[in-house]
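Please look over the structure shown below before reading on.

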Amino acid sequence: MIAFQNVSFGYNRRRKVFADLSLTFGEGHIHGLLGRNGTGKSTLLQLICGLLEPDTGHIAVDGFTPRQRSVDFLSRLMLIPEELSLPNIPLRRFASHTGVFYSGYSAEMFESHCEALEIDPSQNPHDMSMGQRKKGYIAFALACNPQFLLLDEPTNGLDIPSKTILRSLLAAYADEKRTIVISTHQVREVENLIDKIVILDEQGLVLAATTEELSHRLTFGPLPADAKAIYSTPSFSGEEGIALNTTGRESRPDLELIFAATTHDRMTIPSILHTNPTNHE
Ligand SMILES: Nc1ncnc2c1ncn2[C@@H]1O[C@H](COP(=O)(O)OP(=O)(O)OP(=O)(O)O)[C@@H](O)[C@H]1O
């Protein structure tokens, strides 16, 4: 479990990125971390890794304090950053040299992920395109079998077939002991993987909810004329949006609509999710 307790952080004294932020990322979930540009998603991932330190408050990752950067802690955690800088040695050599720090590292798995992602591990990263480098690092990161996997915009720079392969690798990687956090603006590309959504805005945490909670309480898609919309937007086939689920039938949450709705009004959906359904139906 990753737990933020009353965390405040700013890069300088003039402006806080987070003020009194409390939230958790539990094991067994693939979290989608969403927020507009500059709301602090990358900063949050760096705080989890201990690359940054909270000004006040506490972060605990399974009992570890990230900023202490203990060897045991680091061997359980992997960040795939948005932009990579890798040494100019063959990827295979980089993987075997760095993999020794991860007790779960499997060279076989690395080779197999490279093959799936069509990466030549004998190539130097500096001779690769940005997308190839990213795929090479993803192959390595997953082969380390970290308990905590943090991905910052993982689909950026990947071609369409690679995005599909990445999704299937992540689906195979997820299990009940692992905690995965994916920060992304490309919600549609990972929508089917995510089972918990965490939305940040300039004021802090807006929403943290499982897709199960969302589909239980809300319904998504084309809105009948008589539906009382919580949020609606024009689409090709008329209005689409979010309404209360009054039928008991559950549909897959549309995370892009949830994001748009909470950006438009940060109170309504969180208050519905935290209210007894009988008050609304
Ligand atoms: N190294 C830094 N020094 C000073 N300010 C920074 C630094 N990195 C980020 N910031 C500021 O902190 C805030 C949060 O940035 P961060 O990169 O975490 O946001 P983000 O949600 O990941 O944004 P994006 O979606 O654009 O990637 C922004 O206002 C940004 O300008």
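The sections below treat the basis of the model, its strand pairing and one of its helices.

## Basis of the model

This is a predicted model, in which local features need pLDDT of at least 70 and side-chain atom pairs count only at pLDDT 80 or more, while totals for chains, interfaces and linings use all residues. Residues are numbered from 1 along each chain as its sequence is written.

## Pairing of strand 1

Helices (H or I, at least four residues) and strands (E, at least two) are DSSP runs, numbered from the N terminus, and two strands pair if DSSP finds at least two bridges between them. Strand 1 (residues 2-9) pairs with strand 2 (residues 18-25) in the antiparallel sense over five bridges, and Ile2 has Phe25 of strand 2 as its bridge partner. Strand 1 also runs antiparallel to strand 4 (residues 56-61), to which five bridges join it; there, Ser8 stands opposite Thr56.

Helix 5 (residues 130-143) is mostly covered, with 12 of its 14 residues buried (20 or more other C-beta atoms within 10 Å of a residue's own, C-beta atoms being placed from the backbone). Just after helix 5, Asn145 takes a positive phi of about 50°.

The axes of helix 5 and helix 6, lines fitted to C-alpha atoms over the stretch in contact, with angles from 0 to 180 degrees between N-to-C directions, come within 12 Å and cross at roughly 10°. Helix 5 is therefore roughly parallel to helix 6, a term for angles under 35 degrees.

Conventions. Angles under 35 degrees count as roughly parallel, over 145 as roughly antiparallel, 65 to 115 as roughly perpendicular and the rest as oblique.
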